[in-house]
Amino acid sequence: MKNVLTTCGYCGCGCNYYVNVDNDVIVGITPKPDHPVSQGKLCVKGWHGYSFVHHSDRLKQPLIKQQDGTFKETTWEEAFKYIAQSFKNTINNYGPDSIGVLSSARCTNEENYLATKLARSVIKTNNIDHCARL
Ligand code: SF4
């Protein structure tokens, strides 16, 4: 069994724990005793909220919506090219403030920081918000 150290993605507190992995399947969680935030404790989401990882409905490949409304599986490289081109087209046609970025309370502080950088430095909009007012 492997124990993989990670940051909980359920809220912005940033608790740390080890994900217990057996044959590529998550079988449990062990809190990190000496982490300055969680200090060996977790809430119920951190302890038990991992069943989605292996859920049969989970998307494993990016999908691009087609003209007829169906979704077509694609590669990550193609998906990122499509996203970048769509952003460029929107910015060229309507300006950078036509785009808004929504980040998430389920992201780490570092991921939310990167979302801010993407919005303000790359897209050049101050339209950024998040859902952390829980
Ligand atoms: S264990 Fe609970 S309090 Fe800690 S980061 Fe995860 S959701 Fe937030």
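Analyst: Gln39 counts as exposed because 12 other C-beta atoms lie within 10 Å of its own, where a residue is buried at 20 or more such atoms, exposed at 12 or fewer and partly exposed in between, with C-beta atoms placed from the backbone. The model is predicted: local features need pLDDT of at least 70 and side-chain atom pairs count only at pLDDT 80 or more, while totals for chains, interfaces and linings use all residues. Residues are numbered from 1 along each chain as its sequence is written.

Gln39 is in the loop between S3 and H1; helices (H or I, at least four residues) and strands (E, at least two) are DSSP runs numbered from the N terminus. Its phi is positive, about 45 degrees, although Gln39 is not a glycine. Most residues other than glycine have a negative phi.

Ser38 is in the loop between strand S3 (25–31) and helix H1 (44–48). Ser38 is buried because 20 other C-beta atoms lie within 10 Å. Beyond its neighbours within four places in sequence, Ser38 is in contact with Cys15, Asn16, Pro31 and Lys32, a contact being two C-beta atoms, placed from the backbone, within 7 Å. Ser51, 13 residues from Ser38 in sequence, is 21 Å from it in space, C-alpha to C-alpha.

Ser38 is also one of the residues around the ligand, a list that includes Cys15, Leu42, Cys43 and Lys45; the criterion is a C-beta atom, placed from the backbone, within 6 Å of the molecule. This shell divides into seven nonpolar, three polar and one charged residue, where Ala, Val, Leu, Ile, Met, Phe, Trp, Tyr, Cys and Pro count as nonpolar, Asp, Glu, Lys and Arg as charged, and the others, Gly among them, as polar.

Asp24 counts as exposed because it has 7 C-beta neighbours inside 10 Å.
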